[in-house]
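Q: Got a model open here and a few quick things to check. Can we go through them?

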Amino acid sequence: MILGSVQQFIRLVLQATILRPGAVGTVLRGPARGIRYRIFSDYGLAPLLGRWEPSAQRLMEKHISPGCAAYDIGANHGVHTLLMAKLVGRLGHVYAFEPIPEIMARLRENVQLNGFSNVTCVELAVGDWTGSSSFARGTDSSSGRLLRSGSLPGGDLSVGVTTLDEYVLGEG
């Protein structure tokens, strides 16, 4: 009980001082250890402590190897993109899809912070059609959805849409 309270207190102090939103930190634990990451308020310290979707990280570590091509669909700020880039190495490549311009800017920044030249940031949504669509933002930056018709109620952003097949074939 006391240990949990102390850990929570330390976390709050770190979030209010050194590791506040906007600061750049280094991932301390897990497969992404050593990766630099700008802290965004939506996620708190979870990415830096190796606690961001640990089961997904373990799956990536198990199935993505040097020289692979990997696709991060709905890349958001790039927590998984950065791990994928580390795992595929210099001979592999990561394609990170993120349709929201302001989030794409954060994704690109996180890729640049790490000097990854093996990542292509693609400002498109991935769906089962190509063209454009309305995108309805969720309650935070990590959620949202494509709307099938370009003018359905609830869409607050128009985004480009591609299928993964079309993108891969178009890029060769």
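Q: Which backbone nitrogen does the side chain of Glu98 reach?
A: That of Ile100, at 3.2 Å. Keep in mind that this is a predicted model.

Q: Where is Glu98 in the fold?
A: Glu98 is in a loop. β4 (93-97) lies on one side of that loop and α4 (101-113) on the other.

Q: Buried or exposed?
A: Glu98 is buried.

Q: And what is the nearest side chain of opposite charge?
A: Arg137, 8.0 Å away. Glu98 has no salt bridge. The cut-off for one is 4 Å, so Arg137 is not a partner at that distance.

Q: Which residues is Glu98 in contact with, leaving aside neighbours within four places in sequence?
A: Among them are Gly74, Ala75 and Asn76. Ile103, Met104 and Leu107 also touch Glu98, as do Val122, Glu123 and Leu124.

Q: Switching to the sheet. What is the strand order?
A: β3-β4-β5, three strands in an open sheet with parallel pairing. β3 (69-73) and β5 (119-122) are the edge strands, each pairing on one side only. On average, neighbouring strands are turned by 15 degrees against each other, direction ignored.

Q: How many bridges between β4 and β5?
A: Four, in the parallel sense.

Q: Which residue in β5 stands opposite Val94?
A: Val119.

Q: Which strands does α4 touch?
A: β4 and β5, as α4 packs on the sheet. The direction of α4 makes about 170 degrees with that of β5.

Note on methods:
Residues are numbered from 1 along each chain as its sequence is written. This is a predicted model: local features need pLDDT of at least 70, side-chain atom pairs count only at pLDDT 80 or more; totals for chains, interfaces and linings use all residues. Side-chain values use heavy atoms; hydrogens and water are left out. Helices (H or I, at least four residues) and strands (E, at least two) are DSSP runs, numbered from the N terminus. Buried means under 20% relative accessible area, exposed over 50%, partly exposed in between (1.4 Å probe, protein chains only). Lys and Arg count as positive and Asp and Glu as negative; His and the chain ends are not counted. A polar contact is a pair of N or O atoms within 3.5 Å; within protein, one must be able to donate a hydrogen and the other to accept it, and residues adjacent in sequence count only if both atoms are side-chain atoms. Contact means heavy atoms within 4.5 Å. Two strands pair if DSSP finds at least two bridges between them. Axes are lines fitted to C-alpha atoms, for helices over the stretch in contact, and angles run from 0 to 180 degrees between N-to-C directions.
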